Amino acid sequence: MGQAFDAIRVRTLFLSDLHLGTKGCQADQVLAFLKRYDADTIYLVGDIVDGWRLKSGWYWPQAHNDVVQKLLRKVRKGTRLVYIPGNHDEFLRDFLGNSLGGVELADFALHEAADGKTYLVIHGDQFDLVVRHARWLALLGDGAYTAALFINTYLNVVRRKLGLTYWSLSSWAKLRVKNAVNYIGRFEELLAAEAKRHDADGVICGHIHHAAMRDLDGIAYVNTGDWVESCTAVVEHYDGAFELVRWAEAGARLRPENSAAASLLAQEAA
Ligand SMILES: [Mn+2]
């Protein structure tokens with residue numbers, strides 16, 4: 001494999017929702033991105049491997065292997081890799097706090113940026129139930145809210161043990177197109193509130209496949225997006241500045257031979 005470009009070195013890389021193990025995953029794009037960027041620390045913000053899909057039928061082409069190998073090679077070269085499982089790779093939640101081959105597994109992380117600001121890094125599926133039932137949970141107050149988060153987590157563990165598929169907020173919201181904007185807005189508010197609860201300056205999450213970087217009442221809301229449709233990631237530069245990289249657009253510009261294949265894949269995934 002030729003290295004056509006020098007890698008861009010950044011302080012931190014945040015990636016989520018690769019969904020390796022599914023046909024929708026744009027593994028070639030992930031690989032091209034990982035060749036372009038090197039980082040001191042990489043956070044995998046959940047739904048990296050799609051355990052649910054793999055359970056119903058093994059799909060693991062070479063390109064998906066290459067992504068895993070590329071990440072592990074970065075670890076060997078000194079990159080710190082923190083893997084925060086999401087709902088699709090929640091089988092890894094049984095191993096939180098452990099390190100697998102140099103990869104740290106955690107439920108969430110508090111990332112300290114170069115400028116001293118702290119960010120809560122979490123996948124975000126923990127808030128599905130609250131997003132759906134926001135109105136009556138808000139009426140019931142703080143205790144109900146905490147209970148809902150608890151129930152959400154354990155309900156999904158039970159569903160998994162029973163072999164049921166995980167209920168997905170993002171696909172559910174998409175089915176209700178008219179309300180999708182409301183659900184996304186609600187999700188963002190809840191995640192920002194969770195950051196506040198952790199005394200963090202911002203939150204970096206994934207899950208809803210909707211990349212964003214905005215300020216919500218003084219809390220930075222950052223969503224890394226996905227590699228099924230949008231091919232987006234977030235980088236932190238050495239001065240503490242964050243950048244949302246829309247790789248499908250940047251990649252097409254940099255690698256014209258890939259743009260046709262990328263749009264074909266996107267059609268297939270839709
Ligand atoms: Mn998810």
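Seven strands, in the order S4-S5-S3-S2-S1-S11-S12, form an open sheet with mixed pairing. Strand S4 (99-100) and strand S12 (242-246) stand at its edges with a single partner strand each, so one side of each has no neighbour in the sheet. Strands (E, at least two residues) and helices (H or I, at least four residues) are DSSP runs, numbered from the N terminus, and two strands pair if DSSP finds at least two bridges between them. The model is predicted: local features need pLDDT of at least 70 and side-chain atom pairs count only at pLDDT 80 or more, while totals for chains, interfaces and linings use all residues. Residues are numbered from 1 along each chain as its sequence is written.

Within this sheet, strand S1 (residues 8-15) runs parallel to strand S2 (residues 37-44), and 7 bridges join them. Phe-14 stands opposite Tyr-43 in S2. S2 in turn pairs with S3 in the parallel sense over 4 bridges, with Ile-42 opposite Leu-81 in S3. Strand S3 (residues 80-83) is also joined to strand S5 (residues 103-105), again parallel, by 3 bridges; here Tyr-83 stands opposite Leu-105.

The axes of H1 (residues 27-36) and H3 (residues 62-76) come within 9 Å and cross at roughly 25°. Axes are lines fitted to C-alpha atoms, for helices over the stretch in contact, and angles run from 0 to 180 degrees between N-to-C directions. The contact involves Ala-27, Asp-28, Val-30, Leu-31 and Leu-34 of H1, and Ala-63, His-64, Asp-66, Val-67, Lys-70 and Leu-71 of H3; residues are in contact if their C-beta atoms, placed from the backbone, lie within 7 Å.

A further open sheet has 5 strands in the order S6-S7-S8-S10-S9, also with mixed pairing. Its edge strands, S6 (109-112) and S9 (212-216), each pair on one side only. Neighbouring strands of this sheet are turned by 20° against each other on average, direction ignored. S6 runs antiparallel to strand S7 (residues 118-121), joined by 4 bridges, and Leu-110 has Leu-120 in S7 as its bridge partner.

Methods:
Two residues are in contact if their C-beta atoms, placed from the backbone, lie within 7 Å.
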